[in-house]
Amino acid sequence: MGCGEASARGSAMEGDCLGCIKYLMFIFNFFIFLGGSFLLGVGVWVLVDPMGFREIVAANPLLFTGVYVILAMGGMLFLLGFLGCCGAIRENKCLLLFFFLLILIIFLAELAAAILAFIFREHLTREYFTRELKRHYQGHNNTEVFTSTWNAIMSTFDCCGVNSPEDFEESLFRLLNPNKMVPEACCQRNSHPGDVEYISREECVSGSMAFRHNKGCYSAVVDYFETYIYMAGGLAIVVLTIELFAMVFAMCLFRGIQ
């Protein structure tokens with residue numbers, strides 16, 4: 001008799017735990033679903049906006065790429081949230097298994113990216129970027145991906161070259177543009193709307209230090225992101241922890257469903 005009561009109490013406690021996991025998973029994934037919906041909405045709005053915002057974004061390769069990153073992240077979070085919510089509230093083992101596998105793939109992809117970043121960390125040195133800039137950068141109006149990306153970086157961070165404007169000496173850019181010391185992307189821009197784009201483009205490209213940016217982009221980018229590096233590291237740890245808990249909860253609920 002006592003064994004039967006203990007067994008019943010154990011089953012009741014197990015049912016309560018599963019119920020708690022079920023609703024925690026639903027609430028957690030509902031917020032993921034909302035976040036994914038919001039990111040999808042922002043990405044789609046930018047791409048179809050009739051007010052001309054799409055043209056502004058398209059003019060900057062970094063922003064243009066960012067829109068598709070937002071769409072991809074939004075779609076992934078939307079799918080994850082949907083699978084998690086439906087799988088938890090309906091106690092559907094197929095959806096829960098799909099949710100678990102998707103989280104596992106994302107987790108392994110992030111782990112692989114971290115390992116690859118560590119292995120290829122020597123490719124993020126000043127020397128590597130300087131060598132590539134000298135070999136492949138072509139000029140301000142070129143639409144080639146490498147060149148347009150560097151133009152966007154120099155315009156966004158108000159910098160020139162990897163270390164300094166001298167990086168363009170003995171480069172492909174100088175061979176293609178013998179009359180220019182630096183590209184237009186290095187020139188200082190006019191801060192007043194409606195005025196000409198550059199303060200003095202001719203003086204700048206001819207080598208005048210007064211009208212160009214003299215700081216290298218490597219230092220400019222590092223200085224900019226240094227403030228956020230610890231925040232990014234903390235956020236990465238939080239995301240990985242959430243993913244681990246999500247996989248554990250999904251598998252517990254999967255195994256507990258009769």
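So, the largest nonpolar core in this predicted model has 21 residues. Which of them have the most contacts inside the core? Those are Met-25, Leu-80, Phe-99, Ile-103 and Leu-253. The elements giving two or more residues to this core are α1, residues 2-48, α3, 61-89, α4, 93-119, and α10, way down at 229-256. And α4 gives the most, with eight residues.

Have a look at Leu-253 while we're here. Leaving out anything up to four places away in sequence, Leu-253 touches Leu-18, Ile-21, Lys-22 and Met-25, plus Ala-88 and Leu-96. Met-25 is another one on that list of residues with the most contacts inside the core.

Most residues other than glycine have a negative phi. Now look at the loop between α6, 145-157, and α7, 172-176, where you'll find Asp-158. Phi of Asp-158 is positive, near 50°, and that's not a glycine. Glu-170 is in the loop between α6 and α7 as well, and its phi is also positive, near 55°.

Are those two side by side with the solvent, buried or exposed? Asp-158 comes out partly exposed, at 44% relative accessible area. Glu-170 has 80% relative accessibility, so it counts as exposed, the cut-off being over 50%.

That's my tour; happy to zoom in on anything.

Technical notes: Residues numbered from 1 in each chain as written. Predicted model: local features only at pLDDT ≥ 70, side-chain atom pairs only at ≥ 80, totals over all residues. Heavy atoms only, no water. Core = buried A, V, L, I, M, F, W, Y, C linked by side-chain atoms within 4.5 Å. Buried < 20%, exposed > 50% of the residue type's maximum accessible area, 1.4 Å probe, protein only. Helix = DSSP H or I, 4+ residues; strand = E, 2+ residues; numbered from the N terminus. Contact = heavy atoms within 4.5 Å.
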